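Load the model in a viewer and keep the selection tool at hand. The stops below are meant to be followed in order.

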Amino acid sequence: MSDNHLHEKNSVTDVEKDSASRDDLSVIIPGDKQGWLSHPLAKSLLSWGVEERGTVPVPEEERMDTQYYKIFFVWFSMNFNILSFSSGTLGPIVFGLGLRDSCLVILFFNILACALPAYLNTWGPRTGMRQMIQSRYSFGYFGIIIPAILNLIGLCGFNILNGILGGQALASVTTNMSWNVGIVIIFIIALLISFMGYRVLNWYERVSWFPVLIAFLVALGVGGKNLYNAQPAEPATAGAILSFASVIAGFVITYSAMASDFTMYYSPTVSRSTIFWYAYLGYIVPIVLLQCLGAAAVLAAPNVPSWNEGYGVEGNVGGLLEAMLSPVGNFGKFLTVLLSLSVTGNIACTLYSICFNFQVMIPALSKVPRYVFSIVGTAIALPLSIVGAHTFYAALTNFLSLIGYWASAYGAILVVEHHYFRKGDFSTYDHAIWNVPGRLPWGAAAITAAILSFALIIPSMDQVWYQGPIGITSGDIGFEVAFPLAAILYIPLRKLELKYQNTQY
């Protein structure tokens with residue numbers, strides 16, 4: 001074994017031990033001297049490899065992980081699942097688009113929308129901070145609470161949708177299991193993965209995609225010929241295209257608010273282009289492929305009796321996939337189970353990020369171990385998944401179209417702050433002030449810019465649940481408006497804030 005390989009292995013081992021000395025556990029949870037961390041159970045969890053670190057930044061000398069390819073598999077596995085497949089079905093089902101138009105929208109708008117979260121992945125190695133902690137340097141100690149709440153809603157929403165899909169697919173293989181039981185099983189598995197933290201998450205995401213790939217390849221092999229039987233659609237309108245684009249953008253752009261949560265342990269010497277392309281490909285490859293497959297399958301379903309029966313009147317995506325795999329008999333049922341488990345990787349990573357959003361939303365909770373919030377996040381999403389299981393399409397459309405607006409404005413503010421005001425200098429993200437309200441920005445400029453941008457975003461919406469006066473004519477251009485408008489508004493507001501706060505970089 002080469003010296004380089006030995007060094008890499010040792011570096012990763014250090015990271016997997018949570019990048020912190022167990023002789024000073026109070027560094028990881030500030031304020032805990034002889035409290036929870038001295039409890040035998042807490043010590044046992046740490047010895048088993050459970051990650052303890054919450055929102056405390058990772059010092060530069062402890063950022064030693066050099067296996068940068070792992071971030072590709074994190075995002076690839078998170079998106080290589082039946083939620084990506086189901087979101088592609090919205091083009092034909094909700095917006096009346098044909099296969100060609102659906103696929104063109106999926107491709108073009110994902111090319112654009114994947115860039116922002118991929119770029120924010122590159123900040124983690126440079127700052128050693130969770131995404132919401134980085135955001136304090138734009139939104140302030142208290143101002144970031146609003147984005148944290150919005151992000152919590154978004155993350156819980158994704159978990160609800162994934163739980164519904166996974167539960168439906170798992171229940172479709174047998175008549176003896178209800179959707180509710182399937183949902184509970186999915187969440188228990190995801191909770192166990194999330195509970196362990198960084199090391200187990202990265203291992204699971206590196207291996208969980210392969211069985212899913214086999215299942216989709218078999219589905220294409222036995223049912224691919226039916227995908228050509230799609231009924232011709234009506235000519236697409238600009239409104240339908242842009243409204244579907246808003247949903248597609250909302251699916252991926254919200255990863256911006258959790259991007260660096262998974263890259264903060266990487267060595268700060270890594271090339272930013274390396275992290276960007278690993279992350280970008282991890283987003284765009286699975287999302288585009290499975291969304292296009294979803295659009296094709298749902299268009300072909302009315303012409304294939306078994307598919308149509310599996311899909312049903314309630315839009316059972318799991319039933320549709322089970323029907324696609326039914327020609328291979330019991331092996332098809334086994335593959336359907338694997339597809340149902342594909343959502344656990346997404347839920348687990350989302351539960352992981354939920355932990356830090358709770359701690360940013362209520363700073364006093366930073367004293368609570370990270371893994372406790374994985375349990376809290378599960379307790380919130382599990383019952384809501386059961387309640388919403390029979391209104392999946394309405395929930396999916398409304399949710400994805402709404403969350404993209406705020407995430408677009410949020411990303412614009414971070415980018416302008418970093419490049420215009422901080423001149424791209426990561427040294428201005430001083431670790432000494434990450435939890436010192438008086439030394440961080442007030443956040444008034446960021447919050448005001450985001451709020452004011454909705455004065456134009458709202459009229460530009462065109463969704464099933466709301467049509468603005470601009471959007472009803474042009475189609476939904478809300479998320480396209482959000483980014484440039486928030487960026488433009490933030491510049492004068494931030495200059496004014498800096499003047500009165502008497503701060504320079």
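Buried means under 20% relative accessible area, exposed over 50%, and partly exposed in between, with a 1.4 Å probe and protein chains only. The model is predicted: local features need pLDDT of at least 70 and side-chain atom pairs count only at pLDDT 80 or more, while totals for chains, interfaces and linings use all residues. Residues are numbered from 1 along each chain as its sequence is written, and side-chain values use heavy atoms, with hydrogens and water left out.

**Stop 1: a stacked pair**

Select Phe 358 and Phe 373, both of them buried. Rings of Phe, Tyr and Trp (its six-membered ring) pair if their centres lie within 6.5 Å; planes under 30 degrees apart count as stacked, over 60 as edge-to-face and the rest as tilted. That rule gives a count of 37 aromatic pairs. Phe 358 and Phe 373 form a stacked one, at 5.4 Å centre to centre with 20° between the planes. Because Phe 358 lies in helix α19 and Phe 373 in helix α20 (residues 370–388), the pair ties together parts that are 15 residues apart in sequence. Helices (H or I, at least four residues) and strands (E, at least two) are DSSP runs, numbered from the N terminus.

**Stop 2**

Select residues 70–79, helix α3, where ten of ten residues are buried. Among them are Lys 70, Ser 77 and Asn 79.

Next pick Trp 75. With contact meaning heavy atoms within 4.5 Å, and residues up to four places away in sequence not counted, Trp 75 touches Asn 121, Tyr 255, Met 258, Ala 259, Phe 262, Ala 279, Gly 282 and Tyr 283. A nonpolar core is a set of buried Ala, Val, Leu, Ile, Met, Phe, Trp, Tyr and Cys residues joined through side-chain atoms within 4.5 Å. The largest such core has 155 residues, and Trp 75, Phe 262 and Tyr 283 are among those with the most contacts inside it. Helix α15 (residues 272–300) supplies the largest share of this core, 15 residues.

**Stop 3: Ser 84**

Move to helix α4 (residues 82–88) and select Ser 84. Is Ser 84 buried or exposed? Ser 84 is buried, because its relative accessible area is 0%. Its contacts, again leaving out residues up to four places away in sequence, are Asn 79, Phe 251, Ile 287, Leu 290 and Gln 291.

**Stop 4: the cavity**

On a 1 Å grid over the protein atoms alone, a cavity is a set of points where a 1.4 Å probe fits but cannot get out; a pocket is an open set with protein on both sides within 12 Å along at least five of seven lines, and lining residues have an atom within 4 Å of a point. The whole structure has one cavity of 30 Å³ or more. The largest cavity holds about 60 Å³ of space. Its lining includes Asn 151, Tyr 255, Met 258, Asn 346 and Trp 406. Helix α10 gives the largest share of that lining, four residues.

**Stop 5**

About 350 Å³ of space lies in the largest pocket. Of its 18 lining residues, select those closest to the centre: Ile 146, Leu 150, Tyr 405, Trp 406 and Phe 454. Helix α21 gives the most to the lining, with eight residues.

Terms used: Grid points are joined across faces, edges and corners, and a volume is the space filled by probe spheres set on the points.
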